[in-house]
Amino acid sequence: MAGYTDVVFRALCRSFGCDLSYTEMISAKGLTFGNVKTSEYLTLGEDERAVAVQLFGHEPDRMAEAVKIVADHLGPRLSCIDVNMGCPAQKIVANGDGSALMRTPVLAGQIVEAMKRVSPVPVTVKFRKGWDKDTCVPFAKILEASGADALTLHPRTRMQQYRGTADRAAIGAVKAAVGIPVIGNGDIADGESAVSMMRETGCDGVMIGRAALGQPWIFREIKAAIAGQPYTPPTLAERLEVAVRHAERIEQVKGPHGLVELRKHLPRYLHGIRGSAALRTRLNEAKNAAEIRAFLLDSLKNITI
Ligand SMILES: Cc1cc2nc3c(=O)[nH]c(=O)nc-3n(C[C@H](O)[C@H](O)[C@H](O)COP(=O)(O)O)c2cc1C
């Protein structure tokens with residue numbers, strides 16, 4: 001997720017059982033122009049053995065060029081390259097990128113073909129139900145015929161953005177229409193919704209987005225549910241300890257700027273906690289991770305779930 005799934009957050013998710021995490025979406029144009037910020041997205045953690053890199057763009061040759069850069073940079077730690085054909089943001093679709101590719105399915109197929117020609121790892125695609133209507137089955141078939149190795153579907157149209165609910169029937173229809181693995185995505189909030197997504201759609205795996213923010217332990221819950229094992233949610237103290245770990249790691253890896261980035265994560269750890277409003281303000285004023293630790297642990301006396 002752009003702005004969230006950096007090296008620190010991915011490590012946290014892994015520590016709770018996430019099997020594969022993705023980089024934030026990276027511009028193929030930025031990569032091929034040697035844009036420094038873009039290259040920073042390819043920095044992996046020391047213990048990060050496998051990662052999926054997500055690229056966005058709309059020019060087949062440039063996308064293939066970006067694949068070569070990513071593969072050279074990451075070597076055996078690269079698990080797969082994913083193409084973003086789902087982002088609904090205006091500034092992305094205005095360039096013909098992200099979900100705009102659902103309006104140009106022939107070009108979408110050409111992108112996958114060009115990437116497959118040079119990629120040493122599987123090429124996967126994440127897309128939506130359609131632009132303004134349901135076109136996901138024919139789109140999925142084009143991607144499969146172009147060589148895509150797996151597909152992830154977030155079953156809302158671009159025009160829906162994030163409104164309404166994810167249409168699970170669309171995931172089931174894509175799964176029935178193609179022979180490659182299909183990953184279901186959208187509105188998974190807990191172990192139960194992950195299991196029901198798999199049962200109702202027949203999908204081969206699930207992808208978690210927003211529900212991991214502020215609760216990276218959701219991967220442990222989901223894995224327990226899929227395995228039919230009991231699960232004990234973290235206590236309030238354990239939840240805050242994860243938030244502290246996040247703060248300490250981001251400060252170590254990114255320095256003071258990391259703490260600015262952390263501001264969008266921290267309130268999510270406090271979601272649903274009574275009496276946390278004053279704490280949020282204090283946390284925004286914290287000068288370093290040590291202060292965040294002190295504030296959070298001190299707050300345990302005053303707040304409850
Ligand atoms: C802040 C934010 C950033 C996102 N960035 C990306 C991205 O870079 N690439 C992508 O494929 N999807 C991105 N998404 C979409 C999610 O991956 C996911 O498809 C969507 O949120 C639905 O799944 P969920 O209900 O589990 O969140 C983003 C979503 C949010 C809320």
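Two residues are in contact if their C-beta atoms, placed from the backbone, lie within 7 Å. By that criterion, Val112 is in contact with Val83, Val123, Val125, Leu143, Ser146, Gly147 and Ala148, leaving aside its neighbours within four places in sequence. The structure is a predicted model, in which local features need pLDDT of at least 70, side-chain atom pairs count only at pLDDT 80 or more, and totals for chains, interfaces and linings use all residues. Residues are numbered from 1 along each chain as its sequence is written.

**Domains**

- The chain is divided into domain 1 (7–227) and domain 2 (236–299), with bounds that come from an automatic or database domain assignment.
- Taken over C-alpha atoms, the centres of domain 1 and domain 2 are separated by 29 Å.
- Eight residues of domain 1 are in contact with 10 residues of domain 2.
- On the side of domain 1 that touches domain 2, the residues divide into seven nonpolar, one polar and no charged; here Ala, Val, Leu, Ile, Met, Phe, Trp, Tyr, Cys and Pro count as nonpolar, Asp, Glu, Lys and Arg as charged, and the others, Gly among them, as polar.

**Nonpolar cores**

- A residue is buried if 20 or more other C-beta atoms lie within 10 Å of its own, exposed if 12 or fewer, and partly exposed in between, with C-beta atoms placed from the backbone.
- A nonpolar core is a set of buried Ala, Val, Leu, Ile, Met, Phe, Trp, Tyr and Cys residues joined through C-beta atoms within 7 Å.
- The largest nonpolar core has 56 residues, and those with the most contacts inside it are Leu55, Val112, Met115, Leu151 and Val174.
- A second, separate core of 19 residues includes Ile250, Leu270, Ala289 and Ile292.

**The sheet**

- Seven strands form an open sheet with parallel pairing, in the order β1-β2-β3-β4-β5-β6-β7; strands (E, at least two residues) and helices (H or I, at least four) are DSSP runs, numbered from the N terminus, and two strands pair if DSSP finds at least two bridges between them.
- The edge strands, β1 (26–27) and β7 (205–207), each pair on one side only.
- Strand β4 (residues 123–130) runs parallel to β5 and is joined to it by six bridges, with Lys126 opposite Thr152 in β5.
- Strand β5 (residues 150–157) is in turn joined to β6 by three bridges, also in parallel, and Thr152 stands opposite Ile183 in β6.
- In strand β6 (residues 182–185), Val182 and Gly184 point one way and Ile183 and Asn185 the other way, and all are buried.

**Ligand surroundings and Gly209**

- The ligand is surrounded by 20 residues, of which the closest are Met1, Ala2, Met25, Gly209 and Arg210; a residue is near a molecule if its C-beta atom, placed from the backbone, lies within 6 Å of it.
- This shell divides into eight nonpolar, eight polar and four charged residues.
- Gly209 is found in the loop between β7 and α10 (218–227) and counts as partly exposed because it has 16 C-beta neighbours inside 10 Å.
- Not counting residues up to four places away in sequence, Gly209 touches Met1 and Asn185.
- The C-alpha atoms of Gly209 and Asp187 are separated by 8.2 Å, although these residues are 22 apart along the chain.

**Positive phi values**

- Asp187, in the loop between β6 and α9 (191–201), has a phi near 65 degrees, a positive value in a residue other than glycine.
- Asp187 is partly exposed, with 19 other C-beta atoms within 10 Å.
- Gln161, in the loop between β5 and α8 (168–177), has a positive phi near 55 degrees and is exposed, with 12 other C-beta atoms within 10 Å.
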